[in-house]
Amino acid sequence: GGDVSVVGGQSQSGYGGRLRVSSGLSTHSSSGDLLVATGNSGFSGISGSMTLSTGTSKDGCSGAVEIVSGQATSGRGGYVNVRVGDGDTGEGGEIELVAGDTTDAATGGFLVLESGYSSETSSGFIDLSTPNAGSVGVSGEISVATGTTSAGNSGAIALETGYAHDGHGGTIMARVGTGHSDDGGNVFLAAGESTDDEATGGSVTIQAGEGSSTYQYDGGNGRL
């Protein structure tokens with residue numbers, strides 16, 4: 001089919017022209033929806049792809065891409081849903097989130113995953129899980145790892161709960177699921193190996209919580 005191209009104006013010295021697509025507002029009800037989609041494919045072929053990107057930059061940072069739902073006054077903010085469609089042949093489609101690389105003497109880009117804050121009650125939870133397996137196969141794995149390094153220490157992994165002002169600190173639980181065939185699953189903790197001639201291998205330390213109360217009749221007690 002024929003193409004449709006909408007392009008903002010060019011500029012030799014100032015900013016190029018803006019391109020704005022917006023749905024209609026309403027003074028008494030909901031604003032209009034904005035639908036951007038590719039058409040379905042025919043009997044053969046695939047549906048069209050969609051690319052949302054900013055241009056390259058020769059002097060300074062490239063443009064940002066923001067996907068943000070609006071603020072709500074009497075209700076909750078709209079959700080943002082990123083989901084791959086279902087298929088019936090081959091593996092399921094992937095979702096890949098990758099921060100930016102740099103060739104400068106600086107760190108790579110950050111990747112932050114954070115739940116919502118509440119000024120009145122609990123903050124939101126984060127659920128990181130794989131779904132159950134089908135009639136055959138196993139459930140998916142979850143891997144948390146830092147990269148290798150050529151000079152210096154490799155990155156650390158910190159798993160900790162927050163400070164509690166009026167209550168106890170959150171629990172950290174590592175537990176293997178129940179099985180009904182073969183031996184039970186293992187829990188394996190291993191400190192790091194060192195090939196240095198004048199260094200020792202890493203330590204594994206398990207320490208009970210300190211009972212730091214200074215009450216004279218019944219101070220705090222640690223327990224293991």
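Predicted model: local features only at pLDDT ≥ 70, side-chain atom pairs only at ≥ 80, totals over all residues.
Next I turned to secondary structure, for which my entry reads zero helices and zero strands in the protein.

I then checked the overall dimensions. The radius of gyration is 27 Å, whereas a compact globule of 224 residues would have one near 17 Å. Along the principal axes, I noted a span of about 80 × 50 × 45 Å for the C-alpha trace.

For burial, I took under 20% relative accessible area as the cut-off, and of the 224 residues of the protein 0% count as buried.

On the surface I looked for nonpolar patches and wrote down one formed by Leu52, Val65, Ile67, Val80, Val82, Ile95, Leu97 and Leu111, which together have about 880 Å² of accessible area. I looked up Leu52 from this patch separately; its relative accessible area is 65%, and Leu52 is therefore exposed, the cut-off for that word being over 50%.

My last entry concerns the backbone at Asp182, where I found a positive phi of about 65° although this residue is not a glycine. I also checked the accessibility of Asp182, which counts as exposed because its relative value is 77%.

Definitions and conventions. Residues numbered from 1 in each chain as written. Heavy atoms only, no water. Patch = residues over 30% accessible without salt bridge, like charges linked within 9 Å, V, L, I, M, F, W, Y side chains within 5 Å. Areas by Shrake-Rupley, 256 points an atom, 1.4 Å probe, with all protein chains shown as cover. Salt bridge = Lys/Arg side-chain N within 4 Å of Asp/Glu carboxyl O. Buried < 20%, exposed > 50% of the residue type's maximum accessible area, 1.4 Å probe, protein only. Helix = DSSP H or I, 4+ residues; strand = E, 2+ residues; numbered from the N terminus. Rg over C-alpha atoms; globule rule 2.2 N^0.38 Å.
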